[in-house]
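Dear colleague,

I am handing over the structure below, and my notes on it follow directly after.

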Amino acid sequence: MRVRRILSGAVGVMALASVTVFGVTTSSAHVAKVAAAQCKASIAIEAPFATGPATQLGLEQLHFAQLAVAMANKANGTSITLGKDDTGLNPSLATTRTNSIIASSAVAAVGPAGSQEVEAVGPLYAKAGMAFVSGSATLPALATSGANKTFFRVVPDDDIQGPNDANYIIKHKLAPAGSTILIVDDQEAYSEGLVAVMTPILKAAGFTVNHQSYNGTDTGATLQSDLSALATSQVNSSTHLVIVPWQSAGNAQQFGQTLQQQGKTVTLFGTDGTDSPGQFVIPGTYVSNFGPDISTSKSAVDKAIVKGIKKYGPYGAFGVPTWEATTVVMNAISSVCKAGKTPSRSNVLAAVRKTNISATQSAMGVPIKFKADGDLVAKAGYLFHISSKGTYVEISDK
Amino acid sequence: MHIFIQTLVTGIVTGCLYALIALGYSMVYGVLKLLNFAHGDLYMVGAFIGYFAIQWFGGAAALIIPVPLLVIFMMLVAGLGVGALGVAIERFAYRPLRNAPRIAPLITALGVSFILEDSVLLLFGGFTRNYNAPAFLPFTESIHIDGVPIDSVQIIVVCVSLAMMVGLRELVNRTLFGKSMRAVASDREAAEMLGINVDRTIAMTFFIGSAMAGVAGVMSGLAFGQISNIIGFLAGLKAFTAAVVGGIGSIPGAMIGGLFIGLCESFSSSYVSSQYSDLIVFGILIATMLVRPQGVFGQPPLQKV
Amino acid sequence: MAPIGVDEWVARSGDRRDSGWRGGLSRIDARVGWWPRLLVVGLLAFVYGEFVVGGNVNYAQTGFNVVLYALLALGLNIVVGWAGLLDLGYIAFFGAGAYGYALFSSHAFGNLPLASGGVQLPAVASIPIAVAGVAILGLLIGLVALRLSGDYLAIVTLFVGQAFAEAVNNVAPGTLGGANGLFGLQGFKVGSAEIGSTLGYYWFAVIALLILMALLHLLDTSRTGRAWRAVRDDSLAASAMTIPVNKVKVMAFTFGAIVAALAGTIFAAQQSSVFATNFNAQTLILIYACLVLGGAGSIAGAVLGGVVVTVAQQLLSSPIDSAYLFYGILVIVLIARVRPWRHLGAVVAAIVGLGFAAHAIVGAISHSAVAGSPGSAGWFAGALRHFAIVPRGEPLTYGNILYVAAIIMVIAVVQLKGIRRLIAVVPTVYVGICCWEARLTLDPGITAQIMIGAILIVTMAARPEGLLGSRRVEVI
């Protein structure tokens, strides 16, 4: 009927108009709210929690960030809201989201998760004078290149973790002298970076390094073909140690099970990307990480996190640094409010630069203090050994 | 030799799974001329159903029912559940588009794929689950060929796949339903005019194809361990490839295509390089398609003048 | 397959209307030439860039994305819409154009790790080189396509697309950047003037779009365009009419590749970086959605599709806008599908009544079951406080059950007919609203993806030929 069609058209037009109007006015209305008496501000998190190949990582980061916001709001008496922006680990999507964040009233951001995304959005945040703290972008060049002036990270970069692990392997003789060490990368920037740093150190110590690679985003049968091929043809009698600096604990577990199924006994060495007490549980494995295993840690902060994160289910190693990064931002905003000022991008940036969280208050067991280029001052490192029961036992990484 | 046999075993296991999913693709394409990009996600749903079946019976480490019963139960429930889901999707999303230009159902299938993947993400979270099959189907129970262990999971996968393929072939060639399926695939108008209930035939085809994908999902969980909401995309892609390489619409073609791709992947990863294995497989497949454009078992397209 | 005896003219009869506002629109449509329409598009783009953006980087970025996807959809339209070749590897042309530009604007040919050296040509030189290179690639793919038809072509082009992303990620990391990609790219420079901002690239892209639309229109109305349409409809008959089918197919691929490459160079310059992950299947799906939603085979359709899909994506990523979209779609669907007025009124009244009643009853039974606040942002939360049942805390199980129930009920509603459907709509809508408020607003990123999937399904079911497409009879 005619009237109906006119009406549906009118509703459609009205809806579109109101959306644009409200979209414009909510941002400006929000800015006005920030000036209220109570410490109100908004921050945003960029993580790949809805699309892309790393939704597990992204969801974990998101949940830990939400927990950090809730905990800090309660502890500091602030009223800070968290906006959620999915980047799908795709740098162009990250750029779009970043522009959206910059146009909104957010005063600081957490993330993005991937080093590639930081490369893409770093200059945008620098231009907007907005601080962004990442809990997982470990490419060394991000801080040293100078293009990302407002970038901070609460994790040490690959240039620290790689040599730490390689030197531990050499010192504690995890592989017999002169044997072959198989090191596999999963074709991601994180993995390739670690491999590039560890290989020369191991070679210099007299090991033969067999560098292989597989597509880490493969799933199912294709993944099994890759892992099975690695186990079959690359793990021979002279290989006693396999280093798996991957971003997927599930893949590491599948690889371990494939090795078991084929009857090959080797020691596995994983890095922080594979640290997941719920997923990667091959006995005899060594796993390095930036932070302690919070489920067994005695620190009060970690216990509080464990309690709060229970409702979201299992987690791995990517959550705690994001919690830390979010807490850095929350504390910065809170300190600005305590000084009697309204949070703005510039004063929050200055406050983040002055961050000084002691080791006992930090979830990662190391003090959080930033260098001028955004890197962490402390050189953190933890090492775990998986017992025969599949539990993570912390050992010294010296 | 050892490497060769191990590679062969892996190739056959993965090939059987690709073949099962490819069969569903081929059947649906045959009756509807539709590339169902959501088929891989049905496989993913089947894997999740199997996982929850294990959890329901106490979890991988503490099962309360005997293992053979569990495996049969998982496959039945996954098959029926995913089959029903497939029928519902067909009625809801594809039926309105029976007479639409071919590209429209493609987009609908992509929409269904989004919804399936993200619904699973919403309901169950992004955390990868692991069947942890070695806890109840241990590696130690295996036979050895030249030092290469073939464990019970792999034997189950191959046997069940072969049984299903043979069963499907019998269904298509010997039963009345199979005949009506072939009739609808050949000429829908004529089949309708001859009194075949086209809607019901199509629904049953979807049911069988989806059920096979569901069972393939359970078996992939048993064989590979980890499942997540994104496993469907790559599996669907490979199965689509298998169906096309074997000749789309042809059932023996899908089986051969699946095995071919599984073996290609396995051998190129082992013998050439796991870094470039995807590229090599693509290259082999492109070459195969150029040599035989209609696929191995496909019919050269009839051109009606 | 079309019913027997139906041809194109008959199939389109539903689109020809003489009465009502649609008839009025179609009369205006028939009278307005093509060039004034181009002027209108240009005017809209100008107004957007000049007045709406106003310094807001978000709007500038959205505008740029819209024009970028419109360009890509136009290029895909040549291959899929006009020539009828299902090219699932189109993303490779886009990526190759972007990487081609990047190679000549970064340190790729020099020393990547030290970020020095390399060939850095001005945009005037690097864009044509990149586009020419990709045109050759398109030619090669087109030659491959000659041997394959239909779905076989689809699978081979899909391989090419996947192979491109893999190759660029792994092969020659010293030149192509590997997983780290190429970044710090030089922007478009003319002499010493460089386009510095997203808005600048927006204007550049708009100009490119307008020129391209004009060129493509000329192509469409020329012999080549008619040849493409003939080959799409029936290639055997076309070759019988002395149309060089092979040449025409290869031309389609080449032109599509050229447009994609141009879009790629603009994309690379605006992002000032390229990564392999930019060119994955998700982007390809979006481009296809743009084209098919807008109407494959029509220039205006491709552009409109680009606008609709990009704007929808942008809206869905902001919580308050996605609430508007959800409720807006709900209202529009109800108005459009519930036939007589009195039925619509009854249904709405029943939904409202059911909502308040259920909320009151559940609230009386258990206070904490309704103590939570609805998840929608803005004034929705206040309005729905006494309507939707949202428990205190954030219980995921309740929300999940509601979600599954909502999906099952929607499927059931579609199957029912008549009065039963009307009755079933009432609880379905209420459960849907409760599910939205209690669960879907908690995970906006995932909800956005679900909504996109739902939009794709619903629009294809409602209008399979796309918004501005026309119904065609296909000879299979």
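Among contacts in chain C between residues at least 6 apart in sequence, what percentage join residues at least 24 apart? The share is 75%, where two residues are in contact if their C-beta atoms, placed from the backbone, lie within 7 Å.

Please keep in mind that this is a predicted model, in which local features need pLDDT of at least 70 and side-chain atom pairs count only at pLDDT 80 or more, whereas totals for chains, interfaces and linings use all residues. Residues are numbered from 1 along each chain as its sequence is written, and chains are lettered from A and ligands numbered from 1 in the order in which they are written.

Chain C has 20 helices and four strands, these being DSSP runs numbered from the N terminus (helices H or I, at least four residues; strands E, at least two). Its radius of gyration, taken over C-alpha atoms, is 26 Å, close to the 23 Å that the globule rule (2.2 Å times the number of residues to the power 0.38) gives for 476 residues, so chain C is as compact as a globular protein of that length. The C-alpha trace of chain C spans about 75 × 65 × 45 Å along its principal axes.

As for the neighbouring chain, 47 residues of chain B are in contact with 45 residues of chain C. On the side of chain B that touches chain C, α4(B) provides the largest share, with 14 residues.

Best regards
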